[in-house]
Amino acid sequence: MERRTFIGRTMAGGALLGGAVGAAGPQSAYASQSNYIMYTDDLIIERDVPGKPHKGKVLAAIQPHADDIPIFAGGLVAKLINEGYTGYLINVTNDDHAGPGTVGDTVVANERDNFEIAKVLGLKKVFNLGYRNHRMDNIDRTEMLARMIFLIRALKIDTIIGYDPWGHYEENPDHYITASVCEAASWMAGGGKDYPEHFKAGIKPHGVREKYYHARGPHLVNRVVDISSYIDQRIRSNVANRAQGPAGNHGVGLRERLKREGKKLPILGADDAETNYNYVKEFLLEDEKRLGKEHGLEYAEAFHYLGPGQGYAPKQPEYIKEHAVPLR
(Lines give C-alpha, C1' and ligand atoms only; values in the text may rest on other atoms or scores of the structure.)
Protein backbone atom coordinates (compact mmCIF):
# COMPACT_ATOMS: atom_id res chain seq x y z
CA MET A 1 0.00 0.00 0.00
CA GLU A 2 2.93 2.36 -0.47
CA ARG A 3 1.77 3.79 -3.80
CA ARG A 4 -1.59 5.49 -3.53
CA THR A 5 -3.46 7.60 -5.97
CA PHE A 6 -6.01 10.32 -5.34
CA ILE A 7 -8.86 10.03 -7.76
CA GLY A 8 -11.89 12.26 -7.69
CA ARG A 9 -15.10 11.88 -9.54
CA THR A 10 -13.23 11.51 -12.85
CA MET A 11 -12.20 8.02 -11.72
CA ALA A 12 -8.97 7.17 -13.40
CA GLY A 13 -8.92 3.41 -13.60
CA GLY A 14 -7.07 0.20 -13.02
CA ALA A 15 -6.92 -3.26 -14.54
CA LEU A 16 -9.44 -6.01 -13.99
CA LEU A 17 -8.64 -9.58 -13.19
CA GLY A 18 -10.99 -12.49 -13.63
CA GLY A 19 -12.67 -14.61 -10.99
CA ALA A 20 -14.77 -13.77 -7.98
CA VAL A 21 -12.29 -11.15 -6.87
CA GLY A 22 -9.81 -9.30 -9.03
CA ALA A 23 -7.31 -6.56 -8.58
CA ALA A 24 -7.96 -3.19 -9.97
CA GLY A 25 -11.83 1.05 -8.46
CA PRO A 26 -15.54 5.79 -6.71
CA GLN A 27 -17.26 4.99 -3.90
CA SER A 28 -20.55 6.07 -4.78
CA ALA A 29 -23.03 8.08 -2.98
CA TYR A 30 -25.26 10.31 -5.00
CA ALA A 31 -24.16 12.70 -7.69
CA SER A 32 -24.65 15.69 -5.38
CA GLN A 33 -21.89 14.47 -3.07
CA SER A 34 -18.28 15.15 -3.99
CA ASN A 35 -16.13 12.19 -2.96
CA TYR A 36 -12.38 11.93 -3.32
CA ILE A 37 -11.03 8.41 -3.17
CA MET A 38 -7.52 7.32 -2.28
CA TYR A 39 -6.94 3.89 -3.79
CA THR A 40 -4.49 1.29 -2.55
CA ASP A 41 -2.18 -0.84 -4.67
CA ASP A 42 -4.00 -3.99 -3.64
CA LEU A 43 -7.41 -2.78 -4.80
CA ILE A 44 -9.79 -5.72 -5.27
CA ILE A 45 -12.96 -6.10 -7.30
CA GLU A 46 -15.34 -8.41 -5.48
CA ARG A 47 -17.64 -10.20 -7.88
CA ASP A 48 -20.64 -12.51 -7.53
CA VAL A 49 -19.79 -15.91 -6.11
CA PRO A 50 -22.07 -18.86 -6.98
CA GLY A 51 -23.68 -21.00 -4.32
CA LYS A 52 -23.65 -20.10 -0.63
CA PRO A 53 -19.97 -19.58 0.22
CA HIS A 54 -20.86 -17.53 3.32
CA LYS A 55 -23.38 -19.97 4.79
CA GLY A 56 -23.18 -19.91 8.58
CA LYS A 57 -21.71 -16.41 8.74
CA VAL A 58 -23.48 -13.40 10.27
CA LEU A 59 -23.32 -9.74 9.26
CA ALA A 60 -24.53 -6.55 10.87
CA ALA A 61 -25.42 -3.56 8.70
CA ILE A 62 -24.91 -0.70 11.15
CA GLN A 63 -26.30 2.74 10.39
CA PRO A 64 -26.75 5.90 12.44
CA HIS A 65 -29.77 6.84 10.30
CA ALA A 66 -32.36 5.02 8.22
CA ASP A 67 -30.90 6.17 4.89
CA ASP A 68 -27.23 5.26 5.37
CA ILE A 69 -27.14 1.60 4.38
CA PRO A 70 -29.54 2.05 1.42
CA ILE A 71 -27.41 4.92 0.06
CA PHE A 72 -23.94 3.47 0.55
CA ALA A 73 -24.14 -0.30 0.87
CA GLY A 74 -27.55 -1.66 -0.13
CA GLY A 75 -26.06 -3.65 -3.00
CA LEU A 76 -23.31 -5.17 -0.87
CA VAL A 77 -25.75 -6.22 1.85
CA ALA A 78 -28.09 -7.89 -0.66
CA LYS A 79 -25.13 -9.64 -2.30
CA LEU A 80 -23.74 -11.08 0.94
CA ILE A 81 -27.18 -12.22 2.10
CA ASN A 82 -27.71 -14.00 -1.22
CA GLU A 83 -24.33 -15.68 -0.78
CA GLY A 84 -25.35 -17.22 2.53
CA TYR A 85 -25.01 -14.66 5.30
CA THR A 86 -27.63 -14.17 7.98
CA GLY A 87 -27.96 -10.44 8.48
CA TYR A 88 -29.21 -7.91 11.01
CA LEU A 89 -29.88 -4.18 10.70
CA ILE A 90 -28.72 -2.08 13.66
CA ASN A 91 -30.13 1.46 13.53
CA VAL A 92 -28.37 3.61 16.10
CA THR A 93 -30.47 6.79 16.37
CA ASN A 94 -34.22 7.32 16.50
CA ASP A 95 -33.98 9.67 13.48
CA ASP A 96 -36.14 12.22 15.28
CA HIS A 97 -34.80 15.20 13.29
CA ALA A 98 -34.98 13.78 9.77
CA GLY A 99 -38.45 13.28 8.35
CA PRO A 100 -42.02 14.52 8.07
CA GLY A 101 -44.38 16.02 10.62
CA THR A 102 -43.66 16.41 14.32
CA VAL A 103 -40.68 14.85 16.07
CA GLY A 104 -42.90 11.93 17.09
CA ASP A 105 -44.20 11.51 13.54
CA THR A 106 -40.64 11.47 12.27
CA VAL A 107 -39.52 8.73 14.65
CA VAL A 108 -42.43 6.48 13.68
CA ALA A 109 -41.97 7.12 9.96
CA ASN A 110 -38.28 6.19 10.06
CA GLU A 111 -38.94 3.14 12.21
CA ARG A 112 -41.42 1.86 9.63
CA ASP A 113 -38.90 2.53 6.87
CA ASN A 114 -36.24 0.51 8.66
CA PHE A 115 -38.45 -2.57 8.82
CA GLU A 116 -39.20 -2.27 5.11
CA ILE A 117 -35.53 -1.72 4.24
CA ALA A 118 -34.55 -4.83 6.20
CA LYS A 119 -37.22 -6.83 4.40
CA VAL A 120 -36.08 -5.65 0.97
CA LEU A 121 -32.42 -6.47 1.67
CA GLY A 122 -33.15 -9.85 3.27
CA LEU A 123 -32.09 -8.92 6.80
CA LYS A 124 -33.52 -11.03 9.61
CA LYS A 125 -34.21 -8.46 12.33
CA VAL A 126 -33.92 -4.75 13.13
CA PHE A 127 -32.38 -3.45 16.35
CA ASN A 128 -33.18 0.21 17.11
CA LEU A 129 -30.83 1.63 19.74
CA GLY A 130 -32.77 4.89 20.06
CA TYR A 131 -30.10 7.58 20.52
CA ARG A 132 -31.14 11.17 19.68
CA ASN A 133 -30.52 12.20 16.10
CA HIS A 134 -27.64 14.70 15.74
CA ARG A 135 -27.04 14.46 19.49
CA MET A 136 -24.67 11.52 19.71
CA ASP A 137 -21.78 13.73 20.78
CA ASN A 138 -23.67 13.97 24.11
CA ILE A 139 -23.93 10.24 24.75
CA ASP A 140 -21.90 8.04 27.06
CA ARG A 141 -19.75 6.19 24.54
CA THR A 142 -18.86 3.48 27.04
CA GLU A 143 -22.54 2.69 27.46
CA MET A 144 -22.97 2.38 23.69
CA LEU A 145 -19.77 0.33 23.47
CA ALA A 146 -21.16 -2.15 25.98
CA ARG A 147 -24.38 -2.47 23.97
CA MET A 148 -22.50 -3.05 20.72
CA ILE A 149 -20.22 -5.64 22.32
CA PHE A 150 -23.28 -7.44 23.65
CA LEU A 151 -24.91 -7.50 20.20
CA ILE A 152 -21.72 -8.71 18.49
CA ARG A 153 -21.37 -11.53 20.97
CA ALA A 154 -25.04 -12.47 21.25
CA LEU A 155 -25.62 -12.48 17.48
CA LYS A 156 -22.15 -13.91 16.73
CA ILE A 157 -21.46 -11.20 14.18
CA ASP A 158 -18.58 -12.02 11.83
CA THR A 159 -18.83 -9.03 9.47
CA ILE A 160 -19.90 -5.43 9.93
CA ILE A 161 -20.84 -2.88 7.27
CA GLY A 162 -20.88 0.79 8.21
CA TYR A 163 -19.14 4.15 8.26
CA ASP A 164 -15.36 4.28 8.21
CA PRO A 165 -14.03 5.43 11.62
CA TRP A 166 -11.05 6.91 9.79
CA GLY A 167 -13.06 8.79 7.16
CA HIS A 168 -12.02 12.44 6.88
CA TYR A 169 -14.11 15.61 7.05
CA GLU A 170 -17.27 13.89 8.26
CA GLU A 171 -19.66 16.58 9.50
CA ASN A 172 -22.26 14.47 11.27
CA PRO A 173 -21.37 13.43 14.84
CA ASP A 174 -23.77 10.51 14.59
CA HIS A 175 -21.68 9.07 11.77
CA TYR A 176 -18.21 9.35 13.27
CA ILE A 177 -19.23 8.41 16.80
CA THR A 178 -21.08 5.31 15.61
CA ALA A 179 -18.10 4.34 13.48
CA SER A 180 -15.59 4.85 16.29
CA VAL A 181 -17.61 2.89 18.84
CA CYS A 182 -18.22 0.00 16.42
CA GLU A 183 -14.53 -0.18 15.54
CA ALA A 184 -13.65 -0.56 19.22
CA ALA A 185 -16.47 -3.01 19.91
CA SER A 186 -15.41 -5.23 16.99
CA TRP A 187 -12.18 -6.34 18.65
CA MET A 188 -13.14 -5.92 22.30
CA ALA A 189 -16.04 -8.35 21.82
CA GLY A 190 -13.48 -11.09 21.19
CA GLY A 191 -11.68 -10.60 24.49
CA GLY A 192 -12.13 -12.72 27.59
CA LYS A 193 -12.09 -9.99 30.25
CA ASP A 194 -14.40 -7.24 29.01
CA TYR A 195 -17.91 -7.51 30.45
CA PRO A 196 -17.52 -10.94 32.06
CA GLU A 197 -21.18 -10.85 33.13
CA HIS A 198 -21.96 -11.81 29.53
CA PHE A 199 -20.17 -15.10 30.05
CA LYS A 200 -22.24 -15.90 33.13
CA ALA A 201 -25.29 -15.58 30.90
CA GLY A 202 -23.82 -18.06 28.44
CA ILE A 203 -22.72 -15.48 25.88
CA LYS A 204 -19.14 -16.15 24.78
CA PRO A 205 -16.45 -13.86 23.38
CA HIS A 206 -16.84 -13.33 19.64
CA GLY A 207 -14.79 -10.82 17.65
CA VAL A 208 -15.63 -9.37 14.25
CA ARG A 209 -13.43 -10.80 11.48
CA GLU A 210 -14.38 -8.66 8.47
CA LYS A 211 -15.36 -5.02 7.97
CA TYR A 212 -16.64 -3.13 4.96
CA TYR A 213 -16.36 0.61 5.60
CA HIS A 214 -17.89 3.39 3.49
CA ALA A 215 -17.48 7.17 3.80
CA ARG A 216 -18.92 10.46 2.54
CA GLY A 217 -15.63 12.32 2.19
CA PRO A 218 -12.02 11.44 1.29
CA HIS A 219 -11.73 7.71 1.65
CA LEU A 220 -9.04 5.03 1.44
CA VAL A 221 -10.62 2.38 -0.81
CA ASN A 222 -9.26 -1.12 -1.36
CA ARG A 223 -12.40 -2.98 -2.46
CA VAL A 224 -14.94 -2.33 -5.20
CA VAL A 225 -18.01 -4.57 -5.10
CA ASP A 226 -19.96 -5.53 -8.21
CA ILE A 227 -23.63 -4.94 -7.31
CA SER A 228 -25.04 -5.31 -10.81
CA SER A 229 -27.01 -8.44 -9.89
CA TYR A 230 -28.52 -6.68 -6.87
CA ILE A 231 -29.39 -3.30 -8.29
CA ASP A 232 -33.12 -4.02 -7.94
CA GLN A 233 -32.78 -4.49 -4.17
CA ARG A 234 -30.48 -1.48 -3.95
CA ILE A 235 -33.13 0.65 -5.67
CA ARG A 236 -36.04 -0.73 -3.66
CA SER A 237 -34.22 -0.18 -0.36
CA ASN A 238 -33.90 3.51 -1.26
CA VAL A 239 -37.52 3.77 -2.37
CA ALA A 240 -38.49 2.24 0.99
CA ASN A 241 -36.64 5.04 2.76
CA ARG A 242 -39.54 7.46 2.36
CA ALA A 243 -39.11 9.56 5.51
CA GLN A 244 -35.68 11.06 4.84
CA GLY A 245 -33.97 9.39 1.91
CA PRO A 246 -33.08 11.14 -1.34
CA ALA A 247 -35.43 8.72 -3.12
CA GLY A 248 -38.62 8.20 -1.14
CA ASN A 249 -41.58 9.79 -2.91
CA HIS A 250 -39.47 12.27 -4.89
CA GLY A 251 -40.24 10.61 -8.20
CA VAL A 252 -43.94 11.24 -7.74
CA GLY A 253 -43.16 14.79 -6.65
CA LEU A 254 -41.17 15.40 -9.82
CA ARG A 255 -43.90 13.87 -11.99
CA GLU A 256 -46.59 16.07 -10.43
CA ARG A 257 -44.48 19.22 -10.73
CA LEU A 258 -43.88 18.56 -14.41
CA LYS A 259 -47.58 17.86 -14.88
CA ARG A 260 -48.43 21.30 -13.46
CA GLU A 261 -46.00 22.78 -15.99
CA GLY A 262 -47.65 20.89 -18.83
CA LYS A 263 -44.74 18.46 -19.21
CA LYS A 264 -43.87 14.85 -18.50
CA LEU A 265 -40.92 12.47 -18.45
CA PRO A 266 -42.03 9.20 -20.08
CA ILE A 267 -39.48 7.25 -18.07
CA LEU A 268 -41.25 8.09 -14.81
CA GLY A 269 -44.46 6.30 -15.79
CA ALA A 270 -47.88 6.86 -14.23
CA ASP A 271 -47.99 4.35 -11.36
CA ASP A 272 -46.52 5.79 -8.14
CA ALA A 273 -44.41 2.74 -7.32
CA GLU A 274 -43.04 2.59 -10.87
CA THR A 275 -42.39 6.33 -10.85
CA ASN A 276 -40.34 6.28 -7.64
CA TYR A 277 -38.42 3.19 -8.73
CA ASN A 278 -37.51 4.67 -12.11
CA TYR A 279 -36.60 8.00 -10.50
CA VAL A 280 -33.98 6.26 -8.35
CA LYS A 281 -32.66 4.15 -11.20
CA GLU A 282 -32.38 7.04 -13.64
CA PHE A 283 -31.22 9.90 -11.42
CA LEU A 284 -29.70 8.61 -8.17
CA LEU A 285 -27.19 5.99 -9.29
CA GLU A 286 -24.85 8.09 -11.41
CA ASP A 287 -21.78 7.46 -9.25
CA GLU A 288 -22.48 3.73 -9.09
CA LYS A 289 -22.83 3.64 -12.88
CA ARG A 290 -19.57 5.56 -13.39
CA LEU A 291 -17.71 3.34 -10.98
CA GLY A 292 -19.06 0.23 -12.62
CA LYS A 293 -18.28 1.43 -16.13
CA GLU A 294 -14.72 2.25 -15.13
CA HIS A 295 -14.17 -1.41 -14.26
CA GLY A 296 -16.26 -3.19 -16.82
CA LEU A 297 -19.27 -3.54 -14.53
CA GLU A 298 -22.78 -2.16 -14.71
CA TYR A 299 -23.03 -0.90 -11.11
CA ALA A 300 -20.59 -0.93 -8.19
CA GLU A 301 -20.03 0.26 -4.60
CA ALA A 302 -16.67 0.94 -2.94
CA PHE A 303 -15.35 0.26 0.55
CA HIS A 304 -12.32 0.06 2.76
CA TYR A 305 -12.21 -3.62 3.61
CA LEU A 306 -10.48 -5.17 6.60
CA GLY A 307 -10.39 -8.92 6.93
CA PRO A 308 -8.42 -12.01 7.92
CA GLY A 309 -4.72 -11.83 7.17
CA GLN A 310 -4.56 -8.06 7.69
CA GLY A 311 -3.49 -8.18 11.33
CA TYR A 312 -0.10 -7.82 12.96
CA ALA A 313 1.47 -10.95 11.45
CA PRO A 314 -0.27 -11.78 8.14
CA LYS A 315 2.77 -13.74 6.85
CA GLN A 316 3.23 -15.84 9.96
CA PRO A 317 1.50 -19.05 8.71
CA GLU A 318 3.55 -19.05 5.50
CA TYR A 319 6.76 -18.33 7.37
CA ILE A 320 6.17 -21.19 9.81
CA LYS A 321 5.39 -23.58 6.96
CA GLU A 322 8.62 -22.68 5.19
CA HIS A 323 11.04 -22.42 8.11
CA ALA A 324 9.81 -24.61 10.99
CA VAL A 325 12.04 -27.59 11.82
CA PRO A 326 11.39 -30.68 13.99
CA LEU A 327 12.23 -30.55 17.69
CA ARG A 328 15.27 -32.69 18.62
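Predicted model: local features only at pLDDT ≥ 70, side-chain atom pairs only at ≥ 80, totals over all residues.
Biologist: Let's start with proline: does Pro 70 count as buried or exposed?

Modeller: Residues are numbered from 1 along each chain as its sequence is written, and side-chain values use heavy atoms, leaving out hydrogens and water. A residue is buried under 20% relative accessible area, exposed over 50%, and partly exposed in between (1.4 Å probe, protein chains only). Pro 70 has a relative accessibility of 0%, so this residue counts as buried.

Biologist: Which helix holds Pro 70?

Modeller: Helices (H or I, at least four residues) and strands (E, at least two) are DSSP runs, numbered from the N terminus. Pro 70 is in the run covering residues 68–72, and that is helix α1.

Biologist: Which residues does Pro 70 contact, leaving aside neighbours within four places in sequence?

Modeller: Contact means heavy atoms within 4.5 Å. With those neighbours set aside, the partners of Pro 70 are Gln 63, Ile 117, Arg 234, Ser 237 and Asn 238.

Biologist: How confident is the predictor on average, in pLDDT, over the chain?

Modeller: Of the residues, 88% score at least 70, and the chain average is a pLDDT of 87.
The average asked for, over the chain, is a pLDDT of 87.

Biologist: Let's turn to a strand: how accessible is Ala 61, as a percentage?

Modeller: Ala 61 lies in strand β4, residues 58–63. Not counting residues up to four places away in sequence, Ala 61 touches Ile 69, Val 77, Tyr 88, Leu 89, Ile 90 and Ile 161. Ala 61 counts as buried because its relative accessibility is 0%.

Biologist: How far apart in space are Ala 61 and Thr 159?

Modeller: Along the sequence, Ala 61 and Thr 159 are 98 residues apart. From C-alpha to C-alpha, their separation in space is 8.6 Å.

Biologist: Now for helix pairs: is α4 parallel, antiparallel, perpendicular or oblique to α5?

Modeller: Two packed helices are described by the angle between their axes and the distance between the axes. Axes are lines fitted to C-alpha atoms, for helices over the stretch in contact, and angles run from 0 to 180 degrees between N-to-C directions; under 35 degrees counts as roughly parallel, over 145 as roughly antiparallel, 65 to 115 as roughly perpendicular and the rest as oblique. Helix α4 (residues 141–155) and helix α5 (residues 173–188) pack at about 50°, with axes 9 Å apart. That makes α4, relative to α5, oblique.

Biologist: How many nonpolar residues has the contact of α4 with α5?

Modeller: Among the residues that meet are Met 144 and Leu 145 in α4 and Ile 177 and Val 181 in α5. Ala, Val, Leu, Ile, Met, Phe, Trp, Tyr, Cys and Pro count as nonpolar, Asp, Glu, Lys and Arg as charged, and the others, Gly among them, as polar. By class, this contact has three polar and two charged residues, and the nonpolar ones number eleven.

Biologist: How is α3 oriented relative to α7?

Modeller: Helix α3 and helix α7 (residues 231–239) pack at about 175°, with their axes 9 Å apart. That makes the two helices roughly antiparallel.

Biologist: Which residues in α7 meet α3?

Modeller: On the α3 side are Ile 117, Val 120 and Leu 121. The contact divides into three nonpolar, two polar and one charged. On the α7 side are Gln 233, Arg 236 and Ser 237.

Biologist: What is the phi of Asp 95?

Modeller: Asp 95 lies in the loop between β5 (86–93) and α3 (103–121), and with a relative accessible area of 1% this residue is buried. Its phi is positive although Asp 95 is not a glycine, with a value of about 55°.

Biologist: Finally, which helix holds Glu 288?

Modeller: Glu 288 is buried, with a relative accessible area of 0%. Its C-alpha atom is 9.8 Å from that of Phe 72, 216 residues apart along the chain. Glu 288 lies in the run of residues 286–294, helix α10.

How values were computed:
pLDDT = per-residue confidence, 0-100.
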